[in-house]
Amino acid sequence: MLSFMRSAPPQPLIRDQAEIDASYRHWRLHILLTMYLGYAVFYFTRKSFNFAMPDMLADGMLDKSDIGMLWTLFYITYGCSKFFSGIISDRANPRYFMGLGLMATGVINILFGLSSSLWLFAALWVANAFFQGWGWPPCSKLLTSWYSRTERGFWWSAWNTAHNVGGALIPLIVSTIALQHGWRYGMIVPGIIAILTGLFLCWRLRDTPSAMGLPTVGEWRQDALEIAQQTQDAGLSPRQILRKYVLGNPYIWLLACCYVLVYVVRTAINDWGNLYMTEQRGFNLMSANSAISMFEVGGFIGALVAGWGSDKLFNGNRGPMNLIFAVGILLAVGSLWLMPFFSYVMQAACFFTIGFFVFGPQMLIGMAAAECSHKNSAGAATGFVGLFAYMGAALSGYPLAKVMEIWHWNGFFVVISVAAGVSALLLLPFLKAQAPRTQSPEAELAP
Amino acid sequence: MISRLASYVAISLAASFIFAAGWFCLWSISLHLAGSPIRAGLLFPFGLRLGLLLQSPIAYWPPLLLCESLLLYWLNQEVGLPLWPLIQAGSLLTLLPLLIARRQQVRNDWQQLLVLLATVTVAALLQSLLWHLAGEDGLTALLLTLTGGLTLTSTCMLIWHYLTRATWVPLGPALVDQPVDWRFRHLVWYLLLFVLSLWLQLGLPDSLVRFTPFCLAIPIMAMAWRYGWQGALLATLMNTVALMAGQAWHEHPLDLLLSLLAQSLTGLLLGAGIQRQRELNQALTRQLAHNRQLTERLLETEESIRKEVARELHDDIGQTITAIRTQAGIVWRLAPDNAGVGQSSALIETLSLGIYDAVRGLLGRLRPRQLDDMSLEQAVRGLLRELELERRGIVTRLEWQLADEGLSDAQRVTLFRVCQEGLNNVVKHANASSVTIRAHRQAERLLLLLEDDGCGLPEHRTPQGYGLLGIRERVQALGGSLQLSCIHGTQLTVALPNRKREEPHG
């Protein structure tokens, strides 16, 4: 029944070079745009609740601890779902996987808007988290199969800005609708958008190049590195690949641990930022939220700079750029902490710089995970580090709230500064990883 | 051309974004230390600009400077920096020392550190001179710029050096076969030192306030000793963080700034000094290794020449003498009645036999012939037989565990000579009843032990005068050592480095 979900077997190769070029050019652009739209809309159905929440609080449907619980449940389910759907998506057709996932989240959002009990909310939100996990692995599969190693930094970072666009648009849409028509419509409208976009994805998205009779992207672009990755351990079964290249790969674990810490910072700023602004700096909720959206704007630019810069300046090695940005996170957190001017612009500028620096590693680590694993396990590898990322996100929920209860905002900043610093340290073995290869001629000569 | 321009624009845009974000963060942190927004601009942002301009290619100076002007202008709008044109003028003025610094032909890392120090000092002086001329507090400006400059330029140099020295290659799935290089030991050391200095800054009671500043020098010295200038600068950076974390909450910004300045200066100077020593040391080590290699080579060459001469002598002269003796016999037989001829031919025969013996003796001195025909172990056994030790009532034991394949020719000859000389001494002087020879490989060395239970060395004869002088020199030239002790009997120990040198060509 689900056979259409499975990735199609490779089709016979098209011989005509002009036709290959034409379809590659066409689909590379269109797939990126479609993925971009799809992932941004995934954000609509993911964050809709965050911005409908104040209205629900005002209606007395929920209280703060219920919301904290919903968030934690969401993050944990989302992380797990990312990993497992990552494993499945390596063998699935991204076209239907992503499209159906998005439609499912849309349906759940609509149902959420129609229900009224806490238990139903929790169940629906967990289900939503599960289907949210269907968004990123197909994207990473497409990004690793349609774009080759030496140019991927740019394409991936361009796609990555969908996070920020979705994250910046959703507060505007949901807040406006909720203000006019109540929170139920604030959930239902993103749901409808998601279903429509899901249908669009099923129509416009495509499977990997080989399923369309095209040569692989490495062969098409004559990218030696890409071909090397393609031919590495070509004969292994999916289970062996998963064990060797994802679960048994120390570098993936390293990236995962680093990702935990980056997500502690990202989620802490995203989720607690408006509380900090309102409680500590005395802004109203509206301007606090708009200052937080500067975080996304910064992230938009940061991801582009980091991705493109790592391609251009460091030959596609993600380590050095990652390190620069990790040091930047440390400085940026310090600047928000110590900023003595409480004006809106200054605070927003701090959020901008944090966003700028956080979204570098946020993207580079996911990309590095896909690149350091087998060609056929890109989805599983990114899903695996994603699982850890959302453990970090869950950590910055309830545990961070406890820290703030005891040590107040200073404790909050100490925790996220330490997280940023340690994440930079965890990247060091990654920088060292390449050293033996560059020094090997001398190393062999030495007695 | 177009693509190069596009790439230049893209790189400058990316660099400007990172620079601007970093500048803003540092400005915000400096605000906490410097008090007013304009002074904050003189602290860390000044250093960041200086550090980046010092390292980056000149083509990227304009975008960075433009970026800074825009930031200053914007901050002036937002929080009011009335003196921002002064900073602007200062940043243009400091381009002068920067340009001069870039022209220096610097070959060594320590010189680079000193150039850095000089550049920062001149730039800070220029900037604070402007400040002074504008009727502001020039001394405070000097303190701020020096502190910020030294702290940030050295950090920039450290990071830049790290990022640009390596040729970055993309990482791929092949990584999975490469074990993670944790460098746990290094990491633990860094963290330990950092925690220690943090604890010293935060944890010491106020009564020990005079003591705390000295503690800052300890990690710098430790790291500089271990890792050279990079270590010194890294320790300085860790100190800076520890200092700021420890004292930022107190109300003594001047005190804090001065300590930051002092410890940055310590780090930089100590780093430069130790780096110089390290470089000299390395050069010396290299030279010594080179020298030893040369002497070894010399010895090898000598040995090969000896070998060749010996072979020539043996083959040519041996045959010639045989021929002369045959000819003498023929002459005698041709004229059997002539007594003169008979006498002469007998004389010729005796003389040529004498030459033959002399040549044989010479050959033995030139090169032990045994080594050409048999293994070293067999040669030593032959030596024992030749000296007739058993007949003299000396019990011999030979434990030989060295294969000839691992030895160079010079090593074989030297070991043989040691045995020869040692056994000769035993026979002549020791009055011993047993001799043991042991030869084996031990890790990186070849060991030869020669022991007897005799009366030891005669009092009045130093080891040097004991026929071993030449051999000791040979052993040392091969990078080994020779020890002689005579506590119970005589023990002669020879150690040679365990590696086979390339045979000299030709």
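This is a predicted model: local features need pLDDT of at least 70, side-chain atom pairs count only at pLDDT 80 or more; totals for chains, interfaces and linings use all residues.
Five strands make an open sheet in chain B, ordered S1-S2-S3-S5-S4, with mixed pairing. The edges are strand S1 (395–400) and strand S4 (481–485) of chain B, each pairing on one side only. From one strand to the next, the twist averages 10°.

What packs on it? Helix H16 of chain B, residues 376–386, touches S1 and strand S2 (434–442), and its direction makes about 175° with that of S1(B). Then there's helix H17 of chain B, residues 409–430, which also packs on the sheet, touching S2, strand S3 (445–452) and S5. The direction of H17(B) makes about 10° with that of S3(B).

Over to chain A, for a bit of backbone geometry. Most residues other than glycine have a negative phi. Gln222(A) has a positive one, near 55°. Where is Gln222(A)? In the loop between helix H8 (217–221) and helix H9 (224–231) of chain A. Gln222(A) counts as exposed, because 9 other C-beta atoms lie within 10 Å and the cut-off for exposed is 12 or fewer.

His408(A) also has a positive phi, near 60°. But His408(A) sits in helix H16 of chain A, residues 398–426. Buried or exposed, then, for His408(A)? Exposed, because it has 11 other C-beta atoms within 10 Å.

Note on methods. Residues are numbered from 1 along each chain as its sequence is written. Chains are lettered from A and ligands numbered from 1 in the order in which they are written. Helices (H or I, at least four residues) and strands (E, at least two) are DSSP runs, numbered from the N terminus. A residue is buried if 20 or more other C-beta atoms lie within 10 Å of its own, exposed if 12 or fewer, and partly exposed in between; C-beta atoms are placed from the backbone. Two strands pair if DSSP finds at least two bridges between them. Axes are lines fitted to C-alpha atoms, for helices over the stretch in contact, and angles run from 0 to 180 degrees between N-to-C directions. Two residues are in contact if their C-beta atoms, placed from the backbone, lie within 7 Å.
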